[in-house]
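Please consult the sequence and coordinates shown below alongside the text.

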Amino acid sequence: MNMNAIRKILAVLLPVLSIGIGPATNFLCAEPNEASFAVMRERMVERQIIRRGVDDVEVLRAMRTVLRHRFVPREVIEQAYDDTPLPIGYGQTISQPYIVAYMTQIVHAGRNTGVLEIGTGSGYQAAILSAIGAKVYTIEIIPELAKAAALRLKDMKYKNVIVRCADGYYGWKEHAPFDAIIVTAAAGHIPPPLLKQLRPGGRMVIPIGGPFMVQNLVLAIKDEAGGIKTQNLMPVRFVPLTGR
Amino acid sequence: MAPGLSAGRIRFVVFVISAALIAYEILLFKLFAITYWHHFASLIVSLALLGFGASGAFIVLFHESLKKHFAGVLYVSPFLIVLSVWINMFLSRIISFNPLMIVWQPKETLALLALSLFLMVPFFLGALCIGLSFSARRDDIYGIYFANLAGSGAGSLPVLLTFFHMGPYEILLVISLTILCASFAASTSRVRTAISAVVLAAAVPAFLLHPTAIPMNSFKDLSVAFNQAGARIEKEVFGPFGLVSVLESPFYHYLPDLSLNCPFALPKQKGLFLNGDAAGAINSAGDTRFMEWRTASVAYRLLDRPSVLIIGGGGGTEILNARHHKAQKISVVEMNREIVALMQREYRAFSGGLYDIAAARILVEDGRGYLERTKRRFDLIQISLLESMESASAGVYSLNENYLFTVEALRTALARVAPGGILSVSRWIKNPPRDSIKMLATIIAALGPEKAAGSLVVIRSWQTATLLIKNGPFTPAQIAAVKDFCRERLFDLCYYPGISSGETNLINKLDENYFFNAAKRLLSGDQERFYDEYPFYVRPATDDRPFFAHTFKASFIRKYLIPYGRVSIPLLDWGYVLLWTALAILVVFSLVLIVVPIRISGSSARGKTSVFLYFGALGLAYLFLEMSFLQQFIRYLYDPVFSAAVVIGSFLVYSGIGGLLSVKLDLSSRLQVRVAVIWIAGVVILYLSADRFFAGVLFAFPLGIRMAISSLLIAPLAVPMGIPFPAGLSRVAKEDENLLPWAWGINGFLSVIGASAAVLIAISHGFVLVVLAALAFYVLAAFVYSVGFL
């Protein structure tokens with residue numbers, strides 16, 4: 001075969017072969033161990049959360065202690081501490097670490113507060129709330145996710161979390177009122193029944209946007225007289241200019 | 001000449017393959033809009049079309065051997081095209097591509113490229129047959145050109161019409177069988193004919209085993225809702241606008257503008273989805289008092305038993321609203337006939353007969369088209385919120401022309417509002433607000449700031465805004481009623497005549513008082529500075545730049561992307577960004593595949609620059625004009641499906657005829673090209689200046705006659721557009737045949753680039769500039785031709 005023919009064949013094949021290089025590198029990389037996950041977790045807290053203005057000591061402690069990599073599917077475990085949301089199956093995601101930390105801070109969840117979560121997903125948000133000492137009632141509408149999250153949280157010894165597979169639209173009357181409500185699986189609107197289950201002075205937060213694109217957070221606050229006001233908070237607004 | 005293959009047979013093969021390829025392209029676009037999202041579908045299909053240009057590069061590289069085996073290539077290619085088409089269907093299911101992760105995970109870009117590369121294959125093979133036919137039959141360039149364009153024109157028509165009756169896989173089956181027929185014409189022996197017959201006979205039952213469900217990204221609204229416990233897809237219909245699905249779920253709840261204070265429970269709802277994106281809900285008949293707790297209901301507080309026109313009937317929420325408020329007469333415009341049919345049959349009982357013709361006038365047509373043609377006046381015209389928040393916030397529709405939300409359309413709508421009546425428009429509120437502010441700007445531009453100041457009311461909930469425009473000034477009693485309405489429902493007042501800043505942004509607090517500030521500045525004549533200073537593009541949409549959902553502005557990069565990094569990415573309009581991405585990829589790939597083969601082949605041909613300029617300019621010019629006139633004619637027909645079929649089909653068929661006619665003209669080819677360009681320029685200028693006249697005259701006729709007249713109007717423009725390409729190709733064939741496939745490839749690449757570039761220019765400067773740019777490219781081509789290639 002002459003050089004010209006080889007050159008012609010390579011001209012056709014090289015672009016095709018280059019497509020395979022990316023996935024092939026995955027096989028060559030070893031999975032990180034617990035120690036390296038701990039390093040990643042600390043780096044996540046320092047770079048993604050503290051730098052962006054989250055300063056609640058309890059929230060930061062929880063973000064440092066909860067093993068986020070145990071809440072993500074095996075295929076994306078290496079990215080567990082990256083500054084990104086990740087898919088967890090069934091069209092759901094585990095939120096970006098910073099969004100989880102920020103939502104926990106702005107609803108004023110703390111020790112012995114009753115928190116209702118709508119959309120358990122992987123159970124990570126519930127674990128963070130549990131780690132700061134809140135009593136967590138979490139509802140998931142997708143049976144497979146609810147079952148897996150309940151098992152995971154039990155395995156990881158998060159005792160103050162109750163998982164229920166149901167429609168979160170109507171809240172959880174038996175345990176109402178709640179000090180805080182976090183709605184991670186927003187429907188087409190804020191369900192009025194949920195607001196009724198919020199204690200006077202309580203706060204509710206809903207992330208708005210696409211599955212991987214939280215554009216803003218809507219914070220609903222119930223005053224002591226039962227009046228409701230909302231605030232529209234844009235994630236970029238909380239980020240200090242140095243926090244890139 | 002290829003042994004055993006007559007000119008007629010070659011033309012037939014080219015005709016069939018061209019028809020099948022364009023049908024496949026349209027089908028792919030529809031399928032990927034369902035599997036992924038509209039804007040990603042555009043990106044994937046644009047990249048796949050690189051196969052056209054790549055075929056030219058391939059012929060340049062292997063010119064001699066391909067020509068030697070021309071008949072064999074023509075015979076085998078149809079089988080390979082069909083095989084690759086079905087392999088692609090399989091691969092597009094197994095290649096795990098999640099477009100939403102593309103900014104977070106680099107491997108998604110690789111998946112996108114892999115998907116596009118596989119999809120490129122059928123286009124590459126088809127274009128290889130066409131390009132090689134030009135090369136092998138240099139004596140019949142005009143005939144092959146005619147077959148190519150006529151085939152493409154014919155292919156664009158039936159595929160659009162078959163959407164009325166057939167699902168995507170059935171259409172793909174028809175396309176496959178059509179392509180296989182080409183192998184009979186390309187057969188040079190009885191054995192080959194027998195093989196074709198066997199393959200065709202075997203293909204039918206094999207194709208019948210095709211999958212029936214269309215794969216859908218797991219993050220689409222429908223996929224997510226389907227995962228709910230007890231959810232099931234109750235009904236699915238494939239139509240010209242895509243896939244309509246109805247979801248039955250015990251837990252489906254959808255009413256975006258509902259008050260947080262609403263004391264009434266929602267009724268049982270079924271989810272309505274278009275291409276997997278939420279398109280509202282079908283409400284069951286029952287207690288409808290919740291309707292009084294929506295921002296969209298504020299107009300009913302001000303009007304007593306109005307006659308109502310609802311634009312965008314969807315699942316019937318606004319019809320139910322009108323019924324609840326005891327509207328005197330209800331007219332509904334819904335252009336998706338599948339939704340109308342579902343509501344009138346399967347969901348008639350569930351919805352309480354909302355679409356019954358005894359209860360409402362149901363008009364299956366485009367909203368703008370109806371407003372243009374009707375002479376009726378209504379007390380209330382309501383334009384409902386149909387797309388989902390996810391689609392709106394991702395900028396999915398930022399590239400779509402929307403002729404309902406332009407200054408001209410709103411003027412027409414306001415002319416249909418009876419004295420004292422109201423036009424009510426609801427939009428999502430993003431943060432910072434974009435399209436809702438753009439709607440405010442468009443309304444004020446339509447009405448004029450002075451008139452608008454007394455006739456405008458804007459209210460909002462935590463995520464939707466409703467704008468009211470009255471035919472006449474609002475009275476103090478009406479303003480008091482609006483205030484009461486908002487107070488009870490926790491809605492914010494944004495603007496009413498005489499409002500003060502202290503009354504706004506109190507309940508649902510935005511970080512800035514966007515709406516009040518925007519209204520004040522737009523009404524005080526400070527609009528130009530406001531448009532410049534606002535971080536998003538909120539200048540009013542017009543018929544020349546009808547991209548209402550496009551709000552991206554270059555200053556976004558300075559204001560958000562650079563200081564905040566990827567936290568700001570969710571604020572981007574993805575449709576627009578992806579179009580630039582597609583254009584960049586197309587340009588880079590095209591340049592590489594144009595330059596590298598000619599270098600590798602070691603061709604010593606002179607005149608490469610002239611050939612590049614000539615065929616590149618023609619590719620861009622043709623697509624620029626075709627895209628612009630598609631846009632112009634949508635306004636004559638006001639039906640995107642019929643417009644696309646009529647305009648694309650007519651352009652291609654008439655251009656093919658133009659090519660054939662030019663052979664008969666007793667003119668030198670140089671003169672032919674010059675005359676063609678002058679002719680094109682004359683017709684374009686005439687049409688641009690007579691645009692309103694044509695629109696006015698055409699509205700007197702029903703759609704069928706409008707389609708026929710539109711097609712005839714295209715003929716004087718498209719016929720001369722068919723002359724320069726075959727004239728150039730014939731000349732290249734005479735002067736240096738080695739450059740012929742190269743010219744074919746250049747035209748292919750630049751045509752694909754032209755389609756994306758035309759939209760980008762139209763977004764930033766309007767379609768008139770696209771038309772003028774097309775004329776400039778034609779003049780350039782005529783100049784290059786008159787100077788000579790070599």
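Among contacts in chain A between residues at least 6 apart in sequence, what percentage join residues at least 24 apart? The share is 54%, where a contact requires C-beta atoms, placed from the backbone, to lie within 7 Å.

The model is predicted: local features need pLDDT of at least 70, side-chain atom pairs count only at pLDDT 80 or more, and totals for chains, interfaces and linings use all residues. Residues are numbered from 1 along each chain as its sequence is written, and chains are lettered from A and ligands numbered from 1 in the order in which they are written.

**Chain A**

Chain A contains 8 helices and 9 strands; these elements are DSSP runs numbered from the N terminus, with helices (H or I) of at least four residues and strands (E) of at least two. Of its 244 residues, 51% are buried. Here a residue is buried if 20 or more other C-beta atoms lie within 10 Å of its own, exposed if 12 or fewer, and partly exposed in between, with C-beta atoms placed from the backbone.

Two packed helices are described by the angle between their axes and the distance between the axes. In chain A, the axes of helix 2 (residues 34–50) and helix 4 (residues 97–106) come within 9 Å and cross at roughly 70°. Helix 2 of chain A is therefore roughly perpendicular to helix 4 of chain A. Axes are lines fitted to C-alpha atoms, for helices over the stretch in contact, and angles run from 0 to 180 degrees between N-to-C directions. Angles under 35 degrees count as roughly parallel, over 145 as roughly antiparallel, 65 to 115 as roughly perpendicular and the rest as oblique. The crossing of these two helices of chain A is right-handed; a crossing is right-handed if the near helix is turned clockwise from the far one by less than a right angle, and left-handed if anticlockwise. From helix 2 of chain A, Met44(A), Gln48(A) and Ile49(A) meet Pro97(A), Tyr98(A) and Ala101(A) of helix 4 of chain A. The residues of this contact comprise 5 nonpolar, 1 polar and no charged. Ala, Val, Leu, Ile, Met, Phe, Trp, Tyr, Cys and Pro count as nonpolar, Asp, Glu, Lys and Arg as charged, and the others, Gly among them, as polar.

Helix 6 of chain A (residues 143–155) has 13 residues, which at 1.5 Å a residue should span 18 Å; its end C-alpha atoms are 18 Å apart, in agreement. The expected span is 1.5 Å times one less than the number of residues. Buried residues of helix 6 of chain A include Leu145(A), Ala146(A) and Leu153(A). Its buried residues pack against strand 2 (92–94), helix 5 (124–131), strand 4 (135–140) and strand 5 (161–165) of chain A.

Strand 2 of chain A holds Thr93(A), which counts as buried because it has 22 C-beta neighbours inside 10 Å. Thr93(A) and Phe212(A) are 119 residues apart in sequence, yet 7.4 Å apart in space, C-alpha to C-alpha.

**Chain B**

Helix 1 (residues 7–35) and helix 6 (residues 106–136) of chain B pack at an angle of about 155°, with axes 10 Å apart. These two helices of chain B are therefore roughly antiparallel to each other. Their crossing is left-handed. By class, their contact has 12 nonpolar, 3 polar and no charged residues.

Helix 25 of chain B (residues 608–637) is mostly covered, with 25 of its 30 residues buried. Leu729(B) lies in helix 30 (residues 724–735) of chain B and is buried, with 25 other C-beta atoms within 10 Å. Excluding residues up to four places away in sequence, Leu729(B) touches Phe134(B), Ile141(B), Leu740(B) and Ala743(B).

**Backbone exceptions**

Most residues other than glycine have a negative phi, and most peptide bonds are trans. The table lists exceptions from both chains.

| Site | Backbone value |
|---|---|
| Ala176(A) to Pro177(A) | cis peptide bond, omega near 0° |
| Asn431(B) to Pro432(B) | cis peptide bond, omega near -5° |
| His108(A) | positive phi of about 60° |
| Lys326(B) | positive phi of about 55° |

Pro177(A) is in the loop between strand 5 and strand 6 (178–183) of chain A. His108(A) is partly exposed, with 15 other C-beta atoms within 10 Å, whereas Lys326(B) counts as exposed, with 10 C-beta neighbours inside 10 Å.

How values were computed:
Two residues are in contact if their C-beta atoms, placed from the backbone, lie within 7 Å.
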